[in-house]
Amino acid sequence: MENIVIIGNGIAGVSAARHIRKLSDKRIIIVSAETDYFFSRTALMYVYMGHMKFDHIQPYENWFWEKNRIELVRAYVNKVDTNKKQLLLDGSRALNYDKLIIATGSKPNKFGWPGQDLHGVQGLYSKQDLDLLEVNAPNKDVCKRAVIVGGGLIGIELAEMLRSRDIPVTFLVRESSFWNGVLPEGESQLINEHIKEHHIDLRLSTNLKEIVSDDNGKVKSVIMDETGEELACDMVGLTAGVTPNIDFLKGSGVELGRGVKVNRFLETNVSDVYAIGDCAEQQEAIGNRRPIEAVWYTGRMMGETVAQTICGNKLEYKPGHWFNSAKFLDIEYQTYGWVFGARGQKDYEEQFHWRHSSEKVCVTVSFHKETNLFLGINTFGIRMRHEIFNRWLTEERDVDYVMEHLTDANFDPEFYKQYEKEIVSKFNSDFNKSIQTKKKSLKRIFQLK
């Protein structure tokens with residue numbers, strides 16, 4: 001029986017295991033040092049906030065693994081010997097494989113700041129980070145102030161978590177506006193305002209210089225680079241992005257860049273070794289996508305794809321049109337296709353931006369200046385149908401068609417306010433057009449005959 005070993009029990013590794021089992025009777029072993037069972041990493045914040053218990057974010061009952069003959073090994077992989085096809089676990093025992101899938105995910109970035117390894121300094125990625133947060137910031141009496149370094153999605157999640165326990169938060173963001181490397185200016189400004197409205201001390205254009213220790217090796221303050229200001233705090237959250245967790249692969253013969261180098265079939269340069277999820281780096285980027293994508297759904301898709309290849313149906317990884325979603329405190333965010341921030345905006349890209357006069361609701365639509373081809377959309381505070389925008393992008397619809405049929409894409413519940421007429425009215429004004437919005441049509445939405 002062929003022995004398939006998967007390192008990592010996140011969404012990528014578990015998706016691979018599930019689909020290999022659906023397709024075959026191969027022996028499947030998942031190795032992870034993090035937890036006994038797979039959990040939803042994106043839901044960690046809700047455990048700290050009291051909305052769920054940790055058991056609630058485990059998608060499968062504990063009996064699922066034995067029933068499906070997926071063996072779980074709680075261990076840390078120290079070394080991979082690709083010549084012997086063997087893993088060294090916990091510095092002592094060996095585990096052999098016929099095919100190996102590396103799905104080890106990411107770890108928080110550290111940039112060599114003085115004091116970055118003090119007690120009270122942590123990231124927010126693993127179950128261990130969640131447990132540590134209960135030590136470092138259980139309440140506002142133990143943690144009188146927290147400082148968060150890095151203005152991405154994990155940073156704003158951590159800020160929301162801490163504020164849910166009334167812990168004062170200072171948020172250091174090196175950019176001039178929150179996440180403006182990704183978001184267009186109008187959207188970034190909206191999030192700046194929203195963060196401050198939640199009583200978070202947002203410091204833009206501010207870099208961390210040093211984390212200062214007390215006499216017991218615990219953080220007592222941070223010093224900011226530009227001003228030299230020292231700010232007392234009891235906890236520092238490092239959320240300046242993540243990097244692939246691949247240090248254990250050095251000397252294995254597996255080609256490494258920032259991540260594990262893979263081709264379109266998720267194969268490494270070593271026979272029978274594959275890499276998927278956050279730790280995988282495409283040798284050549286797919287379209288406008290980054291070579292490394294630390295995104296939940298791409299990890300799932302890679303797991304499903306590599307399972308086909310391992311089970312004899314060699315399949316190329318094709319992630320399709322870019323999409324993503326997130327939550328900025330109270331504001332839901334969705335993106336479909338490509339809408340670039342100011343630094344990444346293409347020469348051919350025109351952007352239309354609409355923002356409500358009083359509510360935290362806005363839309364940015366991207367299209368080709370010359371051909372009018374619809375390129376993408378960002379929405380804040382309006383829920384949109386993924387399948388509709390996926391279809392329009394595939395059909396290469398022009399922006400006029402999208403604006404005319406925008407009501408079809410709206411997925412907000414009944415009695416929610418509708419903004420399409422206002423959006424299209426401003427689009428007409430900005431671009432001297434006379435588009436009329438069509439009424440929502442279930443026939444069009446579900447392509448009924």
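The model is predicted, with local features needing pLDDT of at least 70 and side-chain atom pairs counting only at pLDDT 80 or more, whereas totals for chains, interfaces and linings use all residues. Residues are numbered from 1 along each chain as its sequence is written, and side-chain values use heavy atoms, with hydrogens and water left out.

Strand S4 (residues 77-81) runs antiparallel to S5 and is joined to it by four bridges, pairing being assigned if DSSP finds at least two bridges between two strands. Aspartate 81 stands opposite glutamine 86 in S5, and glutamine 86 in turn stands opposite asparagine 96 in S6. S5 also pairs with strand S6 (residues 93-96) in the antiparallel sense, over four bridges, and in the three-residue turn of this hairpin aspartate 90 has a positive phi of about 50 degrees.

In the largest nonpolar core, which has 81 residues, Leu87, Phe389 and Met403 touch the most other members; such a core is a set of buried Ala, Val, Leu, Ile, Met, Phe, Trp, Tyr and Cys residues joined through side-chain atoms within 4.5 Å, where buried means under 20% relative accessible area, exposed over 50% and partly exposed in between (1.4 Å probe, protein chains only). A second, separate core of 40 residues includes Ala43, Leu158, Val173 and Cys362.

How values were computed:
Helices (H or I, at least four residues) and strands (E, at least two) are DSSP runs, numbered from the N terminus.
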